[in-house]
Amino acid sequence: MSDSLAVEANDSTSDLAQEIEIKLVGAIEPLLRHPLLAGKDTCRRLEARYFDTADWRLSGSGASLRIRATGGRFEQTLKAADAPGAVVRSEWNVTAAGEAPTPGAFPKDAQARLAALLEDGALVQFATVKTDRTVRQVSWQDAEIELAFDNVLIEAGSRSGAFAEMELELKRGTLADLIALVQVLPLGPELQWSLVTKAQRAVSLASGLRTKALKAPPVSLPPGTTAEQGFQRIAWSCLAHLIANYRLVADAGDAEALHQCRVALRRLRAALSLFRLLVADDRFEALRRALRDTASVLGPARELDVLAAAVERHGEDDLPVDRLQALAEAIEKARVRAYDKAAQLLSGADFQQLLFATAHWIEAGAWREAAPAELRTMPVERFGADILRRRRRKLRKAARHLADMEVAERHRLRIQVKKLRYATDFLVDIARSDGKALRRTAFSDALSTLQDKLGALNDMNVDYGAHLPGLDSPPMHDLLQQLLAGQRKSEKKLLDAAVRAAAQAMTVRRFWPKD
């Protein structure tokens, strides 16, 4: 079983116990009548008070502190995320004396964690969360699963909000069993995978702040991690990144969230490519195609965001005002259509099935049995070192000709750079000394600069009017080409910067282990 989905400590000794849980949000009432979820109901009312500092130090660090009242008993809980947007978290539960937090009641490690987060800030109550919970125990295949059907009301001052969710917690069996059960449920616009906690919803309501898109969380590969475990951790990180952002696109058309969804998909596809020798099985190519097809639907919306920014940044210098306005209006209409299409895909049943199919494959794909044992059990440092060595050698050879490359060749080089950069970020923990960590950072920074410069060069040479609906008419095509022609004045400067970044990346000394 993977240890990547959820890890929580549930007793006052702070010994970590594994808890595996999946949260579904939306229409849970039909699930109460679903034949596969039938069981004896236990109903109860939960009320929890949530606390933070006035400047949201806990929530800003991915942590939460609550006191829950159940049957006249008070329980104090601290939760702390191990990475932004991650599905791995630590949790400490202790009996509380009353309705006010008592940090000293926590074990010493939790006290230290809380003190570091608070930095002497005073705790104040900011919300009350009332939950009507129905609990069932069900059997599925070889697993025992606890279902919690929650109808939740959050009260924060004069604001309030209600929502429904179902939590499926694995009590016995494998994570793959749990995922398999979710896959047969009516997933789609009314029932979707979520990583958003009750605490995060309460903070959003109380603060009035809009939920922000999340960047990729760091990947932890502690000493002793095998190649198999390393791939699972990396793949789960990419999947969590996608799950953390897709609803912001579907619900609000958030441009940064759409960008992060595309990054998550690219990172996951890169992970498949980088670990291909280990994970290529009978479902490998189909999964890669499905991820690629999903990214292709999101692509036009992102391209139009970039194009709109380019018009705003350069348009006045290159086009008359009336023509500039016509172009901006055409781009905005195309953006609305592209975001509608992206939202429709991300809200649909096929996308939910792709999320869970990917998760199931990470946990129980044929690759875990088909791959040779010496590959699966190989230390991730050795496996990763081979990836980095081969990828950098290939990039070094290609980058020698960067100054003379055609547009298509530069685009292929950019893809190489992107995969090597993702590999460098995935494998951050294999640089296990300060000196190697500094070299890894320098290498990643140089690759990032090179990727950005190559991306800007690529944007200058995209024929947007040829493939973006609404911009393919001759007048719009001509306007776009005129605008891009103006931008190409800086092409030589960008190319020189890209050549320098490539040279800098190639001069960084090796930070991965020797053969």
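Start by selecting R247 and D251: they form a salt bridge, with the closest N and O atoms 2.0 Å apart. A salt bridge here is a side-chain nitrogen of Lys or Arg within 4 Å of a carboxyl oxygen of Asp or Glu. Both residues sit in helix 6 (residues 227-252), 4 residues apart, separated by about one helical turn. Helices are DSSP runs of H or I, at least four residues, and strands are E runs of at least two, numbered from the N terminus. R247 is partly exposed at 24% relative accessible area; D251 is exposed at 57%. Buried means under 20%, exposed over 50%, partly exposed in between (1.4 Å probe, protein chains only).

This is a predicted model: local features need pLDDT of at least 70, side-chain atom pairs count only at pLDDT 80 or more, and totals for chains, interfaces and linings use all residues. Residues are numbered from 1 along each chain as its sequence is written, and side-chain values use heavy atoms, leaving out hydrogens and water.

Next, select K23 and E165. Their salt bridge has its closest N and O atoms 3.3 Å apart. The pair links distant parts of the chain: K23 is in strand 3 (residues 20-26) and E165 in strand 10 (residues 159-172), 142 residues apart. Both are buried.

Move to R172 and E144, which meet in a salt bridge (3.3 Å, N to O). R172 lies in strand 10 and E144 in strand 9 (residues 143-156), so the pair ties together parts 28 residues apart in sequence.

Finish at E491, in helix 19 (residues 491-507). E491 touches R410, L457, M460 and N461, not counting residues up to four places away in sequence (contact: heavy atoms within 4.5 Å).
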